[in-house]
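Please open the model in a viewer and keep the selection tool at hand.

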Amino acid sequence: MAKSTAPNLAFEIHDEMSLIVVKHGPLAPSSQEWSRYLDAFGPVLHRLEQMRILVLSEGGRPLREQQVQLNTLMGGRTVPTAVVSSSMAVRFVISVFALTNPGIRGFAPSHLGDAIAYLELKPDECALVEAIARRLSRLVAGATAHAA
């Protein structure tokens with residue numbers, strides 16, 4: 001079977017909204033995907049505490065080395081982060097990140113509204129987040145189909 005070329009990680013950073021939306025497919029991101037993700041923080045790194053991060057995961061999560069890299073990048077700063085996933089493994093990773101980022105919270109997919117409320121998204125921002133989530137989901141859809 002041919003290897004899927006669809007990404008397992010897609011994201012968008014919206015500096016003007018202080019918002020990062022991340023979509024994980026069912027598998028861990030590749031090292032190249034993870035490097036691109038970390039590099040993308042550059043323009044907002046100076047105000048990371050003001051950013052809000054929404055992570056939507058189908059079970060994919062950063063590997064241990066990737067977790068260390070992200071923790072190093074965060075530098076002990078508290079960043080409001082809502083992770084939406086039904087995966088127990090993802091929930092475990094959330095608990096690990098919570099040791100260094102007390103602003104991270106996990107939500108079941110049925111509680112997406114609570115995640116949005118936690119990030120204090122305004123109604124107009126919610127509409128944009130829905131569009132971003134659909135766009136990112138289409139990007140990782142090939143990875144999801146390949147993992148099934």
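Helices (H or I, at least four residues) and strands (E, at least two) are DSSP runs, numbered from the N terminus. Ser18 shows a positive phi of about 55 degrees although it is not a glycine. Its relative accessibility is 16%, so Ser18 counts as buried; buried means under 20% relative accessible area, exposed over 50% and partly exposed in between (1.4 Å probe, protein chains only).

The model is predicted: local features require pLDDT of at least 70 and side-chain atom pairs count only at pLDDT 80 or more, whereas totals for chains, interfaces and linings use all residues. Residues are numbered from 1 along each chain as its sequence is written, and side-chain values use heavy atoms, with hydrogens and water left out.

Is Glu120 buried or exposed? At 64% relative accessibility, Glu120 counts as exposed.

**The sheet**

Now display the strands. Five of them form an open sheet of mixed pairing, in the order E1-E2-E3-E4-E5. The edges are E1 and strand E5 (104-107), each of which pairs on one side only; two strands pair if DSSP finds at least two bridges between them. On average, neighbouring strands of this sheet are turned by 15 degrees against each other, direction ignored. Axes are lines fitted to C-alpha atoms, for helices over the stretch in contact, and angles run from 0 to 180 degrees between N-to-C directions.

Zoom in on strand E3 (residues 52-57) and strand E4 (residues 81-84): they run parallel and are joined by four bridges. Ile53 stands opposite Thr81 in E4.

Select helix H1 (residues 31-40), which lies across E1, E2 and E3 and runs at about 10 degrees to E1. Contact here means heavy atoms within 4.5 Å.

In helix H2 (residues 64-74), colour the buried residues Gln66, Gln67, Leu70 and Met74. Viewed down the axis of H2, the buried residues fall within an arc of 105 degrees, so they line one face of the helix; the arc is that of the directions from the helix axis to the C-beta atoms. Their cover includes H1, E3 and helix H3 (88-98). The face of H2 turned away from the buried side carries the exposed residues Arg64, Glu65 and Thr72. Just after H2, Gly75 takes a positive phi of about 60 degrees.

**The aromatic rings**

Which residues form one aromatic cluster? Select Phe11, Trp34, Tyr37 and Phe41. Rings of Phe, Tyr and Trp (its six-membered ring) pair if their centres lie within 6.5 Å; planes under 30 degrees apart count as stacked, over 60 as edge-to-face and the rest as tilted. The structure holds four aromatic pairs. In one of them, the rings of Trp34 and Tyr37 have centres 5.2 Å apart and planes at 50 degrees, so the pair is tilted. Tyr37 and Phe41 form an edge-to-face pair, with 5.0 Å centre to centre and 75 degrees between the planes. Trp34 and Tyr37 are buried, and both Tyr37 and Phe41 are buried.

**Final stop**

Finish at Leu139 in helix H5, which is partly exposed with a relative accessible area of 45%. Leu139 touches Ala6, Pro7 and Ala10, not counting residues up to four places away in sequence.
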